[in-house]
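Visitor: I have a structure to get through this afternoon. Please walk me through it in plain words.

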Amino acid sequence: MSDEQKLLKTITGKILKAHLVEGEMVKGKEIGIRIDQTLTQDATGTMAYLQAEALGISKAQTEVSVSYIDHNTIGEDFKNPDDHAYLQSIANKFGLYLSKAGNGICHQVHLERFARPGRTLLGSDSHTPTAGGLGSIAIGAGGLDVALAMGGRPFYVKVPTVVGVHLTGKLKPMVAAKDVILEILRRISVKGGVNKVLEFYGPGVSTLTVPQRATITNMGAETGATTSIFPSDEQTLAFLKCVGRENEYVELKADADVQYDETIEINLSLLEPMVAKPHSPGNVVAVKECTSIKVDQVCVGSCTNSSYEDLVTAACMLKGKKVREDVTLTISPGSMSVYHMLAENGYLADLIGAGARILECTCGPCIGQGSAPRSNGVSVRTFNRNFEGRSGTKNGQIYLSSVQTAIACALTGHITDPRDMGELREIPMPETLRMKTALLVKPLETQEERNEVKISYGPNIQPIEPKKELPNNLEGEVILKVENDITTDHIMPAGKYLPLRSNVPEYAKHVFEPCDPKFHDRAKEKNGGFVVAGENYGQGSSREHAALCPSYLGVKAIIAKSFARIHLANLINFGIIPLTFKNAADYDKVAQGDKLSIDITKFGGEFTLVNHSKDARIPLVHTLNESNFKILKNGGLLSHIRKENQTSTCCGCK
Ligand code: MIC
Ligand code: SF4
């Protein structure tokens with residue numbers, strides 16, 4: 001069987017092929033696919049739409065495009081509300097749904113309202129693969145890529161390696177879907193999924209509900225995978241019925257004789273509760289190995305674990321009990337519909353009665369928007385990321401767990417195996433999840449209405465400036481050298497700086513602050529330069545600011561041992577060349593302060609880095625194709641498309 005025939009037997013291959021508009025289905029080669037749905041959230045969305053405007057896109061060409069407001073909702077001053085007003089006016093202008101602040105976390109709401117089996121979804125948030133729980137090929141990308149897909153252009157992605165995750169057995173009581181993905185992370189780590197899709201199959205699949213599947217596909221992002229996907233089956237139909245969309249059901253399964261490129265075997269019956277220890281989602285051990293650790297705070301919520309099923313589980317465990325006096329418990333419902341149903345069915349009273357602090361239906365503590373732990377405090381969170389400092393407290397010790405484990409910790413005050421709390425009775429699930437629409441604004445129906453809309457810009461919203469062409473000879477100093485697994489939270493911290501997302505000159509003052517607070521000043525003084533890094537550079541978020549702001553400060557190239565997928569694409573989009581050491585050991589031959597040059601006049605398989613300070617020549621390789629190289633030479637995708645537009649009358653965005 002050829003590689004292509006093999007791929008077409010997988011669900012991933014079938015959906016990609018059905019959406020193929022450019023290229024061949026050859027593993028590792030780039031293809032262009034048609035995107036049916038897009039989503040943005042406010043922290044990436046303002047920049048995405050500013051770029052769409054700069055490219056002359058004026059209308060969504062997709063089946064559904066949604067602009068969510070869920071990250072940046074505190075409104076300390078005018079900046080957040082100005083961004084929200086901008087996003088609302090853009091939604092009206094472009095014909096998008098607008099999910100207003102308080103309506104819920106984008107991925108939870110998208111699962112409830114819009115995700116469909118067999119469709120493609122591109123989102124400017126790395127946890128977009130959540131919709132893979134409902135059988136979509138759902139991919140996270142930078143805002144510019146999402147804006148272009150919204151405007152009708154294909155999305156370019158490497159044909160992935162498809163990893164079959166074979167599930168057998170059934171989860172034991174108090175063991176959760178979260179433990180499945182934590183076990184996968186334990187085995188393949190935070191870089192084991194790069195350029196791969198995790199496709200679930202086997203008899204264990206039918207034992208998992210859609211919200212449980214969505215927890216798994218959501219956190220699949222932490223392996224670096226392009227996406228994760230479950231079949232569409234009776235569970236999918238049951239979920240779609242529950243949210244009133246059964247007419248959108250289609251069956252999706254891999255062929256019986258499917259042969260995956262790689263496989264992972266998981267017997268659900270043998271799993272036990274797991275936690276990811278500080279400071280990486282890949283640092284996973286069994287809960288029972290950490291039970292002596294005292295807990296100060298527990299946070300339940302985030303796009304990973306905030307479904308109705310999750311929060312009813314929390315309520316049932318807490319009913320009639322009290323959160324320990326020395327522990328704070330916060331709960332962020334994933335959506336307004338979840339929140340409302342908890343209230344209607346009495347579970348909210350159980351949560352409040354036990355001493356939980358109910359927060360808004362937003363990302364909240366997950367992105368450092370409030371609820372930071374105390375100094376050196378231990379916080380057990382049902383979230384998906386525990387990178388150092390992300391919680392808002394640099395020395396906070398964040399553990400990631402299931403809802404069951406988190407609530408057990410809130411009750412005992414130390415890390416606790418939830419199986420020690422006794423069995424939870426069967427969780428009563430309703431036949432219908434009533435969808436609330438008060439905070440979901442529909443697109444304007446007619447072009448006439450859309451033409452009337454005036455876009456609202458607050459004073460903090462700065463237009464995006466396209467970059468100049470890259471010179472043939474890149475010269476400069478190494479202005480920073482960093483280690484392995486540098487996350488986008490290290491490069492472009494979020495938390496208290498989120499209101500600066502629409503103001504690049506201001507946000508750029510904080511580039512690499514967690515690694516080196518002097519970076520901004522040095523970059524300015526040296527007029528930009530090079531950054532040298534270890535493995536998996538740029539893991540985590542899709543935030544294109546982690547490329548855009550360094551590019552604004554004059555960073556010309558990142559020379560690393562390897563890169564995370566979304567960040568690599570963002571670097572290309574913003575005119576920073578991502579280059580890799582041919583021999584990883586050469587990382588040691590370059591030090592901060594060294595003077596380097598790289599001649600990039602001609603596209604080829606290799607470039608040579610000349611280290612003038614050490615009189616060394618170091619071979620560098622890359623994963624760029626000719627089109628990526630052209631984009632880079634033109635100074636990034638925005639400048640590239642503008643240039644293309646000058647030579648044609650059409651912007652290519654329909
Ligand atoms: C995250 O979880 O890191 C975020 C905040 O949702 C990001 C997006 C962003 O930085 O705005 C992500 O996952 O892509
Ligand atoms: Fe929001 Fe956290 Fe999910 Fe990112 S990971 S979308 S910040 S809830």
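**Strands, ligand and loops**

Visitor: Which residue in β22 is the bridge partner of Val-478?

Guide: Phe-530 in β22 is the bridge partner of Val-478. This is a predicted model, in which local features need pLDDT of at least 70, side-chain atom pairs count only at pLDDT 80 or more, and totals for chains, interfaces and linings use all residues. Residues are numbered from 1 along each chain as its sequence is written, chains are lettered from A and ligands numbered from 1 in the order in which they are written, and side-chain values use heavy atoms, leaving out hydrogens and water.

Visitor: In what sense do β21 and β22 pair?

Guide: β21 and β22 (residues 529–532) pair in the parallel sense, over three bridges. Two strands pair if DSSP finds at least two bridges between them. Strands (E, at least two residues) and helices (H or I, at least four) are DSSP runs, numbered from the N terminus.

Visitor: How do strands of a sheet pair in general?

Guide: Through backbone hydrogen bonds, either parallel or antiparallel.

Visitor: Back to β21. How many bridges join it to β25?

Guide: Five bridges join β21 (residues 473–481) to β25 (residues 595–599), and these two strands run antiparallel. In β25, Ser-597 stands opposite Glu-475.

Visitor: And what joins β25 to β26?

Guide: Three bridges do, and the two strands run antiparallel. β26 covers residues 606–611. Leu-609 in β26 is the bridge partner of Ile-598. β25 and β26 form a hairpin, with six residues between them.

Visitor: What do these strands close into?

Guide: A barrel of seven strands, in the order β21-β22-β23-β24-β27-β26-β25. The pairing in the barrel is mixed.

Visitor: New topic. What is the order of the open sheet?

Guide: The open sheet has three strands in the order β1-β2-β8, with antiparallel pairing.

Visitor: Why is one side of β1 and of β8 left without a neighbour?

Guide: β1 (20–22) and β8 stand at the edges of the sheet and each has a single partner strand, so one side of each has no neighbour there.

Visitor: How many bridges does β8 have with β2?

Guide: Four bridges, with β2 (residues 30–33) and β8 paired in the antiparallel sense. Tyr-156 in β8 is the bridge partner of Gly-32, and Val-157 in β8 stands opposite Ile-31.

Visitor: Which way do the side chains of β8 point?

Guide: They alternate along β8 (residues 155–158). Buried means under 20% relative accessible area, exposed over 50%, and partly exposed in between (1.4 Å probe, protein chains only).

Visitor: Where is Ala-315, then? And is it buried or exposed?

Guide: Ala-315 is in helix α10 (residues 308–318). Ala-315 counts as buried because its relative accessibility is 0%. Leu-342 is 27 residues away from Ala-315 along the chain, and their C-alpha atoms are separated by 9.0 Å.

Visitor: How far apart are Phe-78 and Gly-458?

Guide: They are 380 residues apart in sequence and 8.1 Å apart in space, C-alpha to C-alpha. Phe-78 lies in the loop between β4 (64–68) and α4 (79–94), and with a relative accessible area of 40% Phe-78 is partly exposed.

Visitor: On to the ligand. Which residues surround ligand 2?

Guide: Among them are His-71, His-107, His-127, Asp-125, Cys-303, Cys-363, Cys-366 and Arg-390. A residue counts here if one of its heavy atoms lies within 4 Å of the molecule.

Visitor: What classes make up that shell?

Guide: Four nonpolar, five polar and two charged residues. Ala, Val, Leu, Ile, Met, Phe, Trp, Tyr, Cys and Pro count as nonpolar, Asp, Glu, Lys and Arg as charged, and the others, Gly among them, as polar.

Visitor: Last topic, the backbone. Which peptide bond is cis?

Guide: The bond from Pro-278 to His-279 is cis, with omega near -5°. His-279 lies in the loop between β13 (274–276) and β14 (284–286).

Visitor: What is phi of Ser-189?

Guide: Phi of Ser-189 is near 70°, which is positive in a residue other than glycine. Ser-189 sits in the loop between α7 (177–188) and β10 (196–201), and at 27% relative accessibility Ser-189 counts as partly exposed.

Visitor: And Asn-376, is it buried or exposed?

Guide: Asn-376 is exposed, with a relative accessible area of 51%. Asn-376 is not a glycine but has a positive phi of about 55°, and its place is in the loop between β17 (357–358) and β18 (378–381).
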